[in-house]
Amino acid sequence: MLYFSDLLQYSDVFFSGLKTTVELTVLTTILGVALGTVCATVRQYGNRAGQSVVSVYVELIRNTPFIVQLFFIFFGLPALGMMLSPWQASMIALTINLGAYSTEIIRAGLASISKGQVEAAKVLGLNFRQTLTRVIFIPAFEKIYPALTSQCIIVMLGSAVISQISVQDLTYAANLVQSRNFRAFESYLVTALLYLGLSILLRFAFNALGKRLFAYRTSN
Amino acid sequence: MIEFSNYDILRNLLFATQWTILLSLAAFIGGTTVALTLTAMRLTRNPVMQRIVKIYVELFQGTPLLMQMFLCFFGLSMLGYEISAWGAAILSLTFFTSAFLVEIWRGCIDTLPKGQWEASRCLGLSFLQTLRFIILPQAIRVATAPTVGFSVQVIKGTALASVIGFVELTKVGTMLNNATFEPFKIFTLVALIYFMLCYPLSLYSKHLEKKFNVSR
């Protein structure tokens, strides 16, 4: 038998966990995409040394599990004298993780911009920075927007792992509740549904944001 | 107290790697089997079947793999079904893998022009014949590279089985860390082993992608 009513008294635990997960997601999405943008630009237009540094970073992160990256940052770095709180460690790990994936995605967007557009911008007297921000970035981001946003949602779901270093996120809340009332199935099911709701909500939010960001297409 | 030399650490980690590989293989085989079934269900063009597949994908792509593992491991035992960590890990990784593979393969089949289905019907081929002789040979060629690429995600996903107590590479890493207090060394080694498992697959996937693009 399932007893979902036993969870009701813990609704504030779930709520505060949800809040932590949302906060971390918003923060790391912004920081991770920013990091990815910088790295992708270096990878596409930088000098050779910069390109290889970015490649090594991207390949290292993309080919190791997030939980190992998290443990490395949380347990490994303090051994070198860098003390980090669980919250800081998770934020850094999530940002680095999303940064690597978004580098690959954004780079594909940059590569898809035809050379003629860049040359035209040069001919019109735009310098490199202006070319990047006014000619390259907007159409590049528009092209990869769906891939980038679904990666952000994947990272949000992956953030469930940070409960393992005792960040009090939604998964931590689920563990706490089931350790109190032994309703493991109910607790995890409700949490899974909350994550599902969160990912659907995020997708809607990203779609709405995308319509606003790339509104220039329809307005002229 | 037991002392762990570098050799002991490496030996234990490499031994645990076998379990990571085994779990990855089991999950990949399970995932492919379920994904094939789901793809077949989707191709029948029966709206109910398509709906089921859609909900399945939404459910397992929209929830964290860790939560699926918890549900399979703690949740099912609370409901009275005894399940080992090994069983729960395979079960949840199968759900996870199949949900993503169905979507990947859907993209591959959808890239084939619709005219091929119509032409096959005009030529009097049955649904299964069309699938067997026309669609699959082409779809498999397109699907190989992303499927190999996704196997990297499966290997990385197995690391989460450590959380429910299945002793594989990550779990042995944390256990060794608790015994030696050398987290930097141990997690570097763990990460390197994962990298050596995943990177060749990533490279192979990229290679296949290039090959396919050239032949087109």
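How many helices and strands does the secondary structure of chain B come to? I counted 8 helices and 0 strands. I took helices (H or I, at least four residues) and strands (E, at least two) as DSSP runs, numbered from the N terminus.

**Ground rules.** I am working on a predicted model, where local features need pLDDT of at least 70, side-chain atom pairs count only at pLDDT 80 or more, and totals for chains, interfaces and linings use all residues. I number residues from 1 along each chain as its sequence is written, letter chains from A and number ligands from 1 in the order in which they are written.

**Chain B, overall.** I read the pattern along the sequence as α-α-α-α-α-α-α-α. The C-alpha trace of chain B spans about 75 × 50 × 25 Å along its principal axes. I then looked up burial. A residue is buried if 20 or more other C-beta atoms lie within 10 Å of its own, exposed if 12 or fewer, and partly exposed in between, with C-beta atoms placed from the backbone. Of the 216 residues of chain B, 37% count as buried. For contacts I used C-beta atoms, placed from the backbone, within 7 Å of each other. Among contacts in chain B between residues at least 6 apart in sequence, 77% join residues at least 24 apart.

**Chain A, overall.** Chain A has 9 helices and 0 strands. Its elements run α-α-α-α-α-α-α-α-α from the N terminus on. I noted a C-alpha span of about 70 × 50 × 20 Å along the principal axes of chain A. Of its 220 residues, 45% count as buried. In chain A, 75% of the contacts between residues at least 6 apart in sequence join residues at least 24 apart.

**Where the chains meet.** I found 31 residues of chain A in contact with 31 residues of chain B. On the chain A side, the elements that give two or more residues are helix 2 (48-62), helix 3 (66-79), helix 6 (128-158), helix 7 (170-181) and helix 8 (184-213). Helix 8 of chain A gives the most, with 10 residues. I sorted that side by class: Ala, Val, Leu, Ile, Met, Phe, Trp, Tyr, Cys and Pro count as nonpolar, Asp, Glu, Lys and Arg as charged, and the others, Gly among them, as polar. The side of chain A that touches chain B has 20 nonpolar, 9 polar and 2 charged residues.

I followed up B:Leu160. Leaving aside neighbours within four places in sequence, B:Leu160 is in contact with A:Ile67, A:Val161, B:Leu65, B:Leu66 and B:Met69.

**Helix packing in chain A.** Helix 1 (residues 11-45) and helix 2 of chain A pack at an angle of about 130°, with axes 8 Å apart. I used axes that are lines fitted to C-alpha atoms, for helices over the stretch in contact, and angles from 0 to 180 degrees between N-to-C directions. The angle makes helix 1 of chain A oblique to helix 2 of chain A. Angles under 35 degrees count as roughly parallel, over 145 as roughly antiparallel, 65 to 115 as roughly perpendicular and the rest as oblique. Helix 1 of chain A brings A:Cys39, A:Val42 and A:Arg43 to the contact, and helix 2 of chain A brings A:Gly50, A:Gln51, A:Val54, A:Ser55 and A:Tyr57.

Helix 2 of chain A packs with helix 4 (residues 86-111) of chain A at about 115°, axes 9 Å apart. Among the residues that meet are A:Val54 and A:Ile61 in helix 2 of chain A, and A:Ile96 and A:Ala100 in helix 4 of chain A.

A:Ser166 has a positive phi of about 65° although it is not a glycine. A:Ser166 sits in the loop between helix 6 and helix 7 of chain A. With 13 other C-beta atoms within 10 Å, A:Ser166 is partly exposed. B:Arg45 also has a positive phi, near 60°. I placed B:Arg45 in the loop between helix 1 (6-43) and helix 2 (47-61) of chain B. B:Arg45 is exposed, with 9 other C-beta atoms within 10 Å.

Conventions. Two residues are in contact if their C-beta atoms, placed from the backbone, lie within 7 Å.
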